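User: I'm new to protein models and would like to learn how to read salt bridges and sheets. Could you walk me through one?

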Amino acid sequence: MVSDVHGNARDLARAGEGADALICLGDLVLFLDYADHSRGIFPDLFGVANADLIVGLRTARRFEEARELGARLWGGVGGDRAALIEQAVRKQYAELFPAFPTPTYATYGNVDMPKLWPEFAGPGTTVLDGERVEIGGRVFGFVGGGLRTPMRTPYEISDEEYAAKVEAVGEVDVLCTHIPPEVPELVYDTVARRFERGSRALLDAIRRTRPRYSLFGHVHQPLAPRMRIGATECVNVGHFAGSGKPWALEW
């Protein structure tokens, strides 16, 4: 089980060793590495100095200034912004998707571009979003993407659309999502020093349907990597880009 791969194709290629299946909870793309500002699409286009500036502004929650800086930088680049980003994402996906073992079950993160996944996902990779699948005799439900934020990442959707996908999954043994349920200990990032967005609908579904596990990523350095909500074990499966280590689910 991995999440928040953010360009780590080398370790991804080994993540499924010895497992019956690999599950990926999204965020394959590396737009900007907050630990190493020289890595990602943003510094490739605008340089490390500008990456330092924008990380500083975002960390200080000066989002309007960060957007203004981004607009100035994009204004100085020739060509269509969306086309340039898509080109860079395609380059990363061309390296990452072949690293998935067979079988892999995957859903999108908030920085992913779902429209490109059918082009890159091989026959051994099953992509699920608002859907269920049986793996090893247990029912897994998958809900991809994130909720809308000032960061305006590519796959952010409304609370209502997200809740509908959670409802569509229904009762499962293992609930797999990119973002966590909306619990302060699970959504607070201790390094970024901010609360990320979690889902209230997801929290309500956990309390109502009582899955055995709720598994997610999104928050790279959570205040609490795991906790129980009633009968459900809630686990942040980790910032795979930084650790290079998958989390194992056994029964």
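Analyst: Let's go through salt bridges and then a sheet. This is a predicted model, where local features need pLDDT of at least 70 and side-chain atom pairs count only at pLDDT 80 or more, while totals for chains, interfaces and linings use all residues. Residues are numbered from 1 along each chain as its sequence is written, and side-chain values use heavy atoms, with hydrogens and water left out.

User: How many salt bridges does a search of the whole structure find?

Analyst: Side chains of opposite charge can pair when their charged atoms come close. Here "salt bridge" means a side-chain nitrogen of Lys or Arg within 4 Å of a carboxyl oxygen of Asp or Glu. The search turns up 15 of them. One of these joins Asp129 to Lys165, with 2.9 Å between the closest N and O atoms. Asp129 sits in the loop between strands E3 (125-127) and E4 (131-135), and Lys165 in helix H7 (residues 159-169), 36 residues apart. (Helices, H or I with at least four residues, and strands, E with at least two, are DSSP runs numbered from the N terminus.)

User: Is Asp129 buried or exposed?

Analyst: Buried means under 20% relative accessible area, exposed over 50%, and partly exposed in between (1.4 Å probe, protein chains only). Asp129 has 18% relative accessibility, so it counts as buried. Lys165, at 11%, is buried as well.

User: Which residue does Glu167 meet in a salt bridge?

Analyst: Glu167 meets Arg208, at 3.4 Å from N to O. Glu167 is in H7 and Arg208 in helix H9, so this pair ties together parts 41 residues apart in sequence. Glu167 counts as exposed at 55% relative accessibility, and Arg208 does too at 52%. There's also a network of salt bridges linking Glu86, Arg90, Lys115 and Glu119.

User: Now the sheet. What is the order of the strands in the open sheet of six?

Analyst: Strands of a sheet pair through backbone hydrogen bonds, either parallel or antiparallel. Two strands count as paired if DSSP finds at least two bridges between them. The order in this open sheet is E4-E5-E8-E11-E13-E12, with mixed pairing. E4 and strand E12 (226-229) are the edge strands, each pairing on one side only.

User: In which sense do E4 and E5 pair?

Analyst: E4 and strand E5 (residues 138-143) pair in the antiparallel sense, over five bridges. Within that pairing, Val133 stands opposite Phe140 in E5.
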